[in-house]
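Open the structure in your viewer and keep the selection panel at hand. The tour goes from the contact between the chains to the fold of a chain.

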2 protein chains.
Amino acid sequence: MKIGIIGATGKAGQSIYGEAIKRGHKVVAIVRNKKKAIEILGSNSDVLEVDAFQLSKRDLEDFDVVVDAFASSPDKAYQHVDLTAKLIAMFRATDSPRLIFILGAGSLRTGEDKHLFVEDLREIPGSEKWISVPKNQLKELNFLKEVDNVNWVGVSPSATFEPGPNKGVVLGKDELLFSANGESHTTTGTMAVAVLDEIESPKYRRERFTVGDAG
Amino acid sequence: MKIGIIGATGKAGQSIYGEAIKRGHKVVAIVRNKKKAIEILGSNSDVLEVDAFQLSKRDLEDFDVVVDAFASSPDKAYQHVDLTAKLIAMFRATDSPRLIFILGAGSLRTGEDKHLFVEDLREIPGSEKWISVPKNQLKELNFLKEVDNVNWVGVSPSATFEPGPNKGVVLGKDELLFSANGESHTTTGTMAVAVLDEIESPKYRRERFTVGDAG
């Protein structure tokens with residue numbers, strides 16, 4: 001399939017890019033800095049150098065799937081919402097490309113009272129420096145939930161999302177996942193396998209699912 | 001003040017345009033069809049002919065206030081959400097221009113159980129032809145409610161919104177208003193006076209208010 005990855009040099013984007021290439025897809029890295037992309041993804045990589053907010057429908061309409069793995073700085077975390085709204089507006093009343101949004105864990109529910117995990121994140125000392133990101137990823141999901149005429153899906157990792165090889169995919173819907181050892185974590189490798197599995201064999205449509213490590 | 005009105009030839013837009021001119025403001029009609037605007041608003045009117053979805057930040061940044069009185073056809077009612085998201089993205093982390101969104105009555109609450117008025121609208125025979133509009137105006141408000149770094153305000157009329165002279169302004173917040181005779185109505189003239197009052201003397205910020213006829 002032809003897959004475009006916005007933010008392909010980021011934490012999630014890099015591993016999704018690598019997994020998609022490994023599976024033989026035609027992948028385009030959509031990034032602001034081509035030189036950085038070549039350094040990270042290799043000199044054979046197919047790169048579209050453009051600011052995501054300058055993307056046009058023409059840039060994206062030929063993809064089967066566009067993955068939005070955009071990451072903002074905390075002081076511009078609202079860009080998570082704005083880029084999502086821009087992509088959605090581009091492909092209203094269409095079924096293709098399929099849009100896959102990499103979200104955060106903050107919008108997952110946890111605990112006996114099923115509170116939002118972002119409320120726990122807020123309690124972490126120093127969280128005021130970065131809490132805008134999970135807050136806006138929650139807004140991003142709330143926006144998506146009201147979109148009924150675009151082929152979208154959202155994906156959240158578990159509480160800890162760190163670089164690493166695939167540890168085995170566990171899937172859930174709206175609740176934070178925990179592995180047998182009581183921890184909630186997802187490696188970028190596990191995330192990439194789950195995203196490519198979903199790209200190749202769609203199970204979710206207009207909803208968010210979550211990915212955790214099996215072990 | 002310098003006021004731009006998107007959809008200045010529509011039902012709400014026309015009367016807001018007229019009231020703004022009457023009060024001596026510098027008003028620009030932002031419309032898709034200049035010829036139609038000249039016919040409706042007069043040959044002296046200042047018209048910016050542009051599709052609202054092609055507007056750039058440069059087109060709007062010099063206004064003190066931009067009124068979004070855009071009206072969609074029912075088959076493209078999602079454009080209410082998309083245009084709002086586009087305008088919001090343009091003016092993130094700014095205080096000017098102030099953005100005023102003309103919404104519908106469907107997002108107001110009514111009855112003892114405080115249900116959304118859109119649920120009553122859905123019961124009207126034939127509503128399937130146009131219910132997409134109030135449904136998307138509700139989504140538009142839900143989107144706005146999460147926006148904390150743009151100078152926006154939303155305005156809803158009462159249940160019946162029809163052309164007519166100012167009948168005296170009654171203001172509310174999130175509940176459908178009824179006049180002494182038990183009816184819920186707003187003329188375009190009453191709406192225009194309320195909107196210009198709010199433009200000249202801001203009372204609301206990052207919230208929605210509603211306007212009804214006094215009599």
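How many residues does the contact take from chain A and from chain B? Select the contact to see: it takes eleven residues from chain A and eleven residues from chain B. Keep in mind that this is a predicted model.

Next, pick helix 4 (79–90) and helix 6 (132–145) of chain A. Each gives at least two residues to the side of chain A that touches chain B. Helix 4 of chain A has the largest share of that side, with four residues. Now colour this side of chain A by residue class. You get four nonpolar, two polar and five charged residues.

Then compare the two sides of the contact. Of the interface residues of chain A, 100% are also interface residues in chain B, so the copies meet through the same surface.

Chain A shows seven helices and twelve strands. Along the principal axes, its C-alpha atoms fill a box of roughly 45 × 35 × 35 Å.

Finish inside chain A. Colour by burial: 46% of the 215 residues count as buried. Then draw the contacts between residues at least 6 apart in sequence; 71% of them join residues at least 24 apart.

Methods
Residues numbered from 1 in each chain as written. Chains lettered and ligands numbered in written order. Predicted model: local features only at pLDDT ≥ 70, side-chain atom pairs only at ≥ 80, totals over all residues. Buried ≥ 20, exposed ≤ 12 C-beta atoms within 10 Å, placed from the backbone. Contact = placed C-beta atoms within 7 Å. Nonpolar A, V, L, I, M, F, W, Y, C, P; charged D, E, K, R; others polar.
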